[in-house]
Amino acid sequence: MEKISKSILNQIILPRNPESYKGNYGKVLIIAGSTHFGGAAILSSSAAVHSGAGLVTVATTPEKFAAINTHIPEAMTIDYHNKKELLSAILNNDVIAIGPGLGTSSVAIGLVKAVLNNTKTDQTVILDASALTIIAEEKIPLQTTAHIIMTPHQGEWQRLSQLEIPAQTELNNFEKLQDLNPDAVLVLKKHHSEIYFRDMSFKIIAGNPGMATGGMGDTLTGIMAGFIGQFGYSLATIQSALLIHSIIGDKLNEKQYVVLPSEIIDKLPKYMQKFSLQTK
Ligand SMILES: NC(=O)C1=CN([C@@H]2O[C@H](COP(=O)(O)OP(=O)(O)OC[C@H]3O[C@@H](n4cnc5c(N)ncnc54)[C@H](OP(=O)(O)O)[C@@H]3O)[C@@H](O)[C@H]2O)[C@@H](O)CC1
Ligand SMILES: Nc1ncnc2c1ncn2[C@@H]1O[C@H](COP(=O)(O)OP(=O)(O)O)[C@@H](O)[C@H]1O
Ligand SMILES: [Mg+2]
């Protein structure tokens, strides 16, 4: 398994073209949140905005609109119960991240199916949290032609792959990913998270137990969406998103016992600037 080098960040995060505008940095749709998990929608959309997505729309339940607008006014909101608006948003965004705080209601199941049935080749679908639980429980095939990235923690990967955590070896993970969708990327979140794609596997040597805080994975999903929106879908972009999340977490952990997801989000623009200037 190859270790992901920090130099990938200098290659991916480049200074912006002065002539560019928000349309050049990706349209991101985050389908997230439900009655008891409003924070997951805020963290994932805030992470997408702070990591540089040009336009971010959150599809959620209207009871969370006010909280989202207050915490992250840069993001737009739509009601995920409105099938027409949802379909239009699915068709018109470059990156669709679904799952943080979504829960596993019949509405949530319908949302996962709507994304998998209506996305196309040039789009990227990030499946996280409740979306992965739904796919495992409902046995929903991953049949979209869009790029698929799954970001399970070990418990979610156990549900999806039927592999108990001790059996989540490199070889077994390759096999199960092949069964689920041979073209999908698996980002297996753990201490020193791993990436699997076709016959390649990578790991990060970064991250710390101070990051074991609820919402940390929701934040990674937003960063992943923001990075793919602006830097394009590639293995290197996925690696960069995974790495910067933990590098910032490690920097904060030097002086803090506990690292909050919202603190990582706040630091994203500064760290991205630092890495972009190192290319000069
Ligand atoms: N502020 C908010 O709105 C927040 C909202 N959130 C939202 O909550 C929803 C549920 O997501 P979830 O991850 O909390 O619970 P779930 O899917 O049941 O998985 C837990 C099960 O897996 C097991 N497990 C094994 N290994 C594990 C590991 N490495 N990491 C974690 N778990 C591991 C674990 O084992 P146990 O701890 O019981 O031994 C347990 O059996 C989802 O939509 C998410 O986005 C959260 O993000 C929090 C902040
Ligand atoms: N001990 C640890 N070492 C390194 N990273 C960790 C550790 N604990 C948690 N993390 C990171 O925090 C994130 C947790 O994701 P997840 O469990 O999906 O959180 P949530 O669903 O609460 O948002 C992952 O990116 C994981 O790698
Ligand atoms: Mg999670």
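Helices (H or I, at least four residues) and strands (E, at least two) are DSSP runs, numbered from the N terminus. The model is predicted: local features need pLDDT of at least 70, side-chain atom pairs count only at pLDDT 80 or more, and totals for chains, interfaces and linings use all residues. Residues are numbered from 1 along each chain as its sequence is written, while chains are lettered from A and ligands numbered from 1 in the order in which they are written.

Helix α9 gives the most to the shell around ligand 2, with 4 residues. A residue is near a molecule if its C-beta atom, placed from the backbone, lies within 6 Å of it. Of the 17 residues around ligand 2, H191, G207, A212, M216 and G217 come nearest. This shell has 6 nonpolar, 8 polar and 3 charged residues. Here Ala, Val, Leu, Ile, Met, Phe, Trp, Tyr, Cys and Pro count as nonpolar, Asp, Glu, Lys and Arg as charged, and the others, Gly among them, as polar.

Ligand 1 has 18 residues around it, of which G39, A40, A129, G155 and G214 come nearest. At least two residues of the shell come from each of α2 (38–50), α6 (129–138), α7 (154–161) and α9 (216–231). By class, 5 are nonpolar, 10 polar and 3 charged.

Helices α4 (residues 83–92) and α5 (residues 106–118) pack with their axes 10 Å apart (lines fitted to C-alpha atoms over the stretch in contact). The angle is about 40° (on a scale from 0 to 180 degrees between N-to-C directions).
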